[in-house]
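Take a look at the structure below.

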Amino acid sequence: MPDGVHVPVLLEEAVAALAVRPIGVYVDATFGRGGHSRRILDLLGPSGRLVALDRDPEAEAAASAIDDLRFSFRRAWFSDLPAALAELGIDAIDGALLDLGISSPQIDDPARGFSLRGDGPLDMRMDPTRGESAADFLARADVRELTEVIRDYGEERFAQSVARAIVASRAVAPIVRTRQLAALVAQAVRTRPRGDRSQDPATRTFQALRIFVNRELAELALMLPRVVRLLHPGGRIAVISFHSLEDRIVKRFFASSAQPFGGDPRLERMAIATAALPGAPLASVGRAIRPSEREVEMNPRARSATLRIAERTSHPIPPDFGAGASR
Ligand SMILES: C[S@@+](CC[C@H](N)C(=O)[O-])C[C@H]1O[C@@H](n2cnc3c(N)ncnc32)[C@H](O)[C@@H]1O
């Protein structure tokens, strides 16, 4: 596959999950290069609407190629969805898709700093106009913070060795290039046995920094309850995640939202005492969907994808809904 081309993952499955109604209002919260958006537009009638979001300026440039009155793009972090929709005069939607993580054009361009292939500045921000770059973080964090980030977001067993190597190396010269970081991580984990020998030793550290710099898990945990509040009864949310940290958040959120009071036992006991147990605001739809072997063969990026789907019920949304989504 040529560099810079993004092949949408679980395209048919994710768009089918939205059960698009021709007159509905839909959100693609992660436009990327618009693979899913274009397919949703194909299913919408003349009065349907699609709002797409992405925080990456390059995704915004790609979205400008879609000349369709039913389509609007907003460059925004997806946790800001309610505000982005309010600007367009929209206060309720019929479905939302989140295709998480990074796109192939982001990873394939060494200038973005995401990739172990090629050399580039250690930036890693999807939105280069906001927050600190990976290089800035590596320059300021202490061993404890570095260890926590690399362990918690990269699930790297040798997080502390990597953190110590970073602190020792930056005392000699600032760590500002992807190759420089990859080499020092390889050195730090070199002599230890590793589970997956085919993986570059720096893969986990790069994943950790990317998730941290882009606040990926916090964005997801904030976004999920905000989407549910916007959905009409019968409206769907479909989420494609690419690693277990993301998938755990989605799975737990869907499970707790499918219980009255979001699974809060205190509120539930009180309600049972007063015989006022309401229904749950969300219902899971089917089981998690994984890509077929054929899709993985054609597009190896799909191999770790999981699609989960849920539907808004007509039951009221409880107080404090979504407060525990990140746990
Ligand atoms: C996997 S790609 C989406 C690909 C898209 N479905 C397609 O078919 O082209 C994920 C996109 O989501 C964007 N993104 C990730 N997290 C985001 C967030 N919190 N807010 C806004 N955009 C985000 C990234 O910049 C990236 O372009």
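## The cavity

How many cavities of 30 Å³ or more does a search of the whole structure find? The search finds one. Keep in mind that this is a predicted model. Rolling a probe the size of a water molecule over the atoms shows where empty space is left. Here, the volume of the largest cavity is about 340 Å³.

Which residues line the largest cavity? The lining has 28 residues. Thr30, Asp54, Asp99, Leu100 and Gly101 are the ones nearest the centre. Two elements, α2 and α11 (216-230), each give two or more residues to this lining. The most comes from α11, which gives three residues. By type, the lining residues divide into ten nonpolar, nine polar and nine charged.

## Aromatic pairs

A pair of aromatic rings is described by the distance of the centres and the angle of the planes. A search of the whole structure finds six such pairs. Take phenylalanine 31 and phenylalanine 71 as one example. Their ring centres are 5.9 Å apart and their planes are at 45°, so this pair is tilted. Angles under 30 degrees would count as stacked, and angles over 60 as edge-to-face.

Where do these two residues sit in the chain? Phenylalanine 31 is in the loop between β1 (25-28) and α2 (35-43). Phenylalanine 71 is in strand β3 (residues 71-75).

## A pair between two helices

Now turn to phenylalanine 137 and phenylalanine 212. The centres of their rings lie 4.3 Å apart, with the planes at 40°, so this pair is tilted. Phenylalanine 137 belongs to helix α6 (residues 134-140), and phenylalanine 212 to helix α10 (residues 203-213). The pair therefore ties together parts that are 75 residues apart in sequence. Are these two residues buried or exposed? Phenylalanine 137 and phenylalanine 212 are both buried.

## Charges over a ring

Which residues place a charge over tryptophan 77? Arginine 55 is one of them. It lies over the face of tryptophan 77, at 4.3 Å from the ring centre. Arginine 130 is another. Its charged end sits over the ring of tryptophan 77, 4.0 Å from the centre.

How values were computed: Residues are numbered from 1 along each chain as its sequence is written. This is a predicted model: local features need pLDDT of at least 70, side-chain atom pairs count only at pLDDT 80 or more; totals for chains, interfaces and linings use all residues. Side-chain values use heavy atoms; hydrogens and water are left out. Rings of Phe, Tyr and Trp (its six-membered ring) pair if their centres lie within 6.5 Å; planes under 30 degrees apart count as stacked, over 60 as edge-to-face and the rest as tilted. Helices (H or I, at least four residues) and strands (E, at least two) are DSSP runs, numbered from the N terminus. Buried means under 20% relative accessible area, exposed over 50%, partly exposed in between (1.4 Å probe, protein chains only). A charge sits over a ring if NZ of Lys or CZ of Arg is within 6 Å of the ring centre and within 35 degrees of the ring normal. On a 1 Å grid over the protein atoms alone, a cavity is a set of points where a 1.4 Å probe fits but cannot get out, and a pocket is an open set with protein on both sides within 12 Å along at least five of seven lines; lining residues have an atom within 4 Å of a point. Grid points are joined across faces, edges and corners, and a volume is the space filled by probe spheres set on the points. Ala, Val, Leu, Ile, Met, Phe, Trp, Tyr, Cys and Pro count as nonpolar, Asp, Glu, Lys and Arg as charged, and the others, Gly among them, as polar.
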